[in-house]
Amino acid sequence: MNKRFLVLAVMGAFSEVAYAQTSVNIYGIVDSGIVHESGGAAGSVNKLTSGIESGSRLGFRGTEDLGSGLSAIFVLETGFQADTGALGQGGLLFGRQAYVGLNGSFGAMTMGRQYTPNYITMTTVGDPFAAGLAGVFSNVMATSGARMNNAVKYVSPKFNGFNGELVYGFGEVAGTTAASRAIGGAIAYASGLLNVRLAYHNRNNDTDTVKGLAAARNTVLAANYDFGMIKAFAAYGINQGPNSSPLSNVNAYGSAVAPKSSTDSRDFLLGATIPIGVGKVIVSYIHKDDKTRFNQDATQLALGYTYSLSKRTDLYTSYARINNKNGAGYTVGSAIETGSGNSAVNLGVRHTF
């Protein structure tokens, strides 16, 4: 009887240890609200839409303890439209993120569809709107694309506040390793109230049918500092080459001569978040200086407010307006939409789980 009890106890303990070694978490965001856009060629539009403050998503994050401080990790994350139920990211099943890799004392090495260092820099450090609402930085600033396919990424451990990352995206064009290839990296410093991050991205524009194009090169330096009563944000970007600063909406204003995507530009952002009780005010100023002969500059002013109903649910509202010069074609969008005109108002709710 005692032996039988001992066997059952050992089996139970082993199952608990095995369970503890492997874990999978389900997480997500449901974001929906009302948007009023104006200034575009088609006129004003009112809509109920999804992914204004943050793209609605459902994700699976897993880790397995392999021993000696080494773990296997994975993330599968799908985007969807809460207003229609449709898949986001062009209908991709796991269009937001899809990668697997290893994590240990050496850092993390992952493979799959992943965020670019430039986008992470602006989302986590440079943009007070955190890449959402009407004030999202990507309305005017270059992003080098939010994600990379076929990417191998290494993220170092932190050392005295510093860490870095490198990423390589295979172009997968037959007969060449250069065409459609992407290379990026970042170095970051975080200590106390200060965060600074410098990122670079280089994307080869050649394809299997088009050759000889210059690469798109994007560099961005971003920083924020929390003064307590106000958190200040700043970013400066240099963008060179074809597709280094593509327009989100090709010709939103119906111009007889369509706007030109800048191949040489400088971006500047200055912003802040101001906590007020359980809410916060968000402000930002962004200017794009187009260095090409077209001189199609743009300036965006944005104001937002979020109010936390709980740790997981918040209400939000925001307004942004862009002043386009010399036929520039930048539009006011949100976390996942490009927008249809030069101004927009948002009002909605976001729940995370």
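**Exercise 1.** Identify the residues with the most contacts inside the largest nonpolar core.

*Solution.* The largest nonpolar core comprises 33 residues, and Met122, Phe137, Met141 and Leu269 have the most contacts inside it. Such a core is a set of buried Ala, Val, Leu, Ile, Met, Phe, Trp, Tyr and Cys residues joined through side-chain atoms within 4.5 Å; buried means under 20% relative accessible area (1.4 Å probe, protein chains only). The model is predicted: local features need pLDDT of at least 70 and side-chain atom pairs pLDDT 80 or more, while totals for chains, interfaces and linings use all residues. Residues are numbered from 1 along each chain as its sequence is written, and side-chain values use heavy atoms, without hydrogens and water.

Next, take Leu269. Setting aside residues up to four places away in sequence, Leu269 touches, among others, Met122, Phe137, Met141 and Tyr285 (contact: heavy atoms within 4.5 Å).

**Exercise 2.** Determine which residues line the largest cavity, and classify them.

*Solution.* The lining consists of Asn118, Tyr119, Met122, Phe137, Met141, Ala142, Thr143, Asn218, Thr219, Val220, Gly237 and Asn239. By class, six are nonpolar, six polar and none charged. Ala, Val, Leu, Ile, Met, Phe, Trp, Tyr, Cys and Pro count as nonpolar, Asp, Glu, Lys and Arg as charged, and the others, Gly among them, as polar.

Note on methods. 1 Å grid on protein atoms, 1.4 Å probe; cavity = no way out; pocket = protein on both sides within 12 Å on 5 of 7 lines; lining within 4 Å. Buried < 20%, exposed > 50% of the residue type's maximum accessible area, 1.4 Å probe, protein only.
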